[in-house]
Amino acid sequence: MAANVDGARRGFDLLQPGLRLLDPSLADTIGGRFAGLAVAMAPYVRADGWRPYAQSSPTDLRALSQAGIALADALSQAAAQVVAAAGG
């Protein structure tokens with residue numbers, strides 16, 4: 001999951017300047033959602049990598065999932081705006 005989040009972050013970093021011109025509020029929302037997901041993922045970080053999902057409670061996994069969904073929702077809105085601005 002961390003690699004997917006890192007990839008999404010890199011993509012957003014490339015689009016952020018243009019999105020900030022189109023919709024600064026959405027750009028801020030996405031930044032906040034990345035921060036929220038980082039907080040949700042923090043308990044899973046161990047010195048040797050990541051804590052296995054099997055060692056997590058359903059409540060913990062639900063919080064992690066909700067943070068990921070919130071980020072994905074905002075990123076999909078950004079993608080739609082960038083495509084529309086590009087004439088697509």
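Me: Why is the way α1 passes α3 called a left-handed crossing?
Reply: A crossing is left-handed if the near helix is turned anticlockwise from the far one by less than a right angle, and right-handed if clockwise. α1 passes α3 in the left-handed way. Please keep in mind that this is a predicted model, in which local features need pLDDT of at least 70 and side-chain atom pairs count only at pLDDT 80 or more, while totals for chains, interfaces and linings use all residues. Residues are numbered from 1 along each chain as its sequence is written, and side-chain values use heavy atoms, leaving out hydrogens and water.

Me: And why are α1 and α3 called oblique to each other?
Reply: Helix α1 (residues 2–22) and helix α3 (residues 58–85) pack at about 55°, with their axes 10 Å apart. Axes are lines fitted to C-alpha atoms, for helices over the stretch in contact, and angles run from 0 to 180 degrees between N-to-C directions. Under 35 degrees counts as roughly parallel, over 145 as roughly antiparallel, 65 to 115 as roughly perpendicular and the rest as oblique. The pair is therefore oblique.

Me: Which residues make that contact?
Reply: Ala 8, Phe 12, Leu 15, Leu 19 and Leu 22 of α1 meet Leu 75, Ala 78, Gln 81, Val 82 and Ala 85 of α3, with contact meaning heavy atoms within 4.5 Å. They divide into 9 nonpolar, 1 polar and no charged. Here Ala, Val, Leu, Ile, Met, Phe, Trp, Tyr, Cys and Pro count as nonpolar, Asp, Glu, Lys and Arg as charged, and the others, Gly among them, as polar.

Me: What makes α2 roughly antiparallel to α3?
Reply: The axes of α2 and α3 come within 9 Å and cross at roughly 155°. That angle is why the two are called roughly antiparallel. Their crossing is left-handed, and their contact has 14 nonpolar, 5 polar and 1 charged residues.

Me: What makes the aromatic pair of Phe 12 and Phe 34 tilted?
Reply: Rings of Phe, Tyr and Trp (its six-membered ring) pair if their centres lie within 6.5 Å; planes under 30 degrees apart count as stacked, over 60 as edge-to-face and the rest as tilted. Phe 12 and Phe 34 sit 5.8 Å centre to centre with 35° between the planes, and that is a tilted pair. The pair links helix α1 with helix α2, 22 residues apart.

Me: How confident is the prediction for the protein chain?
Reply: The average pLDDT (the predictor's confidence in each residue, from 0 to 100) is 90, and 99% of the residues score at least 70.

Methods: Helix = DSSP H or I, 4+ residues; strand = E, 2+ residues; numbered from the N terminus.
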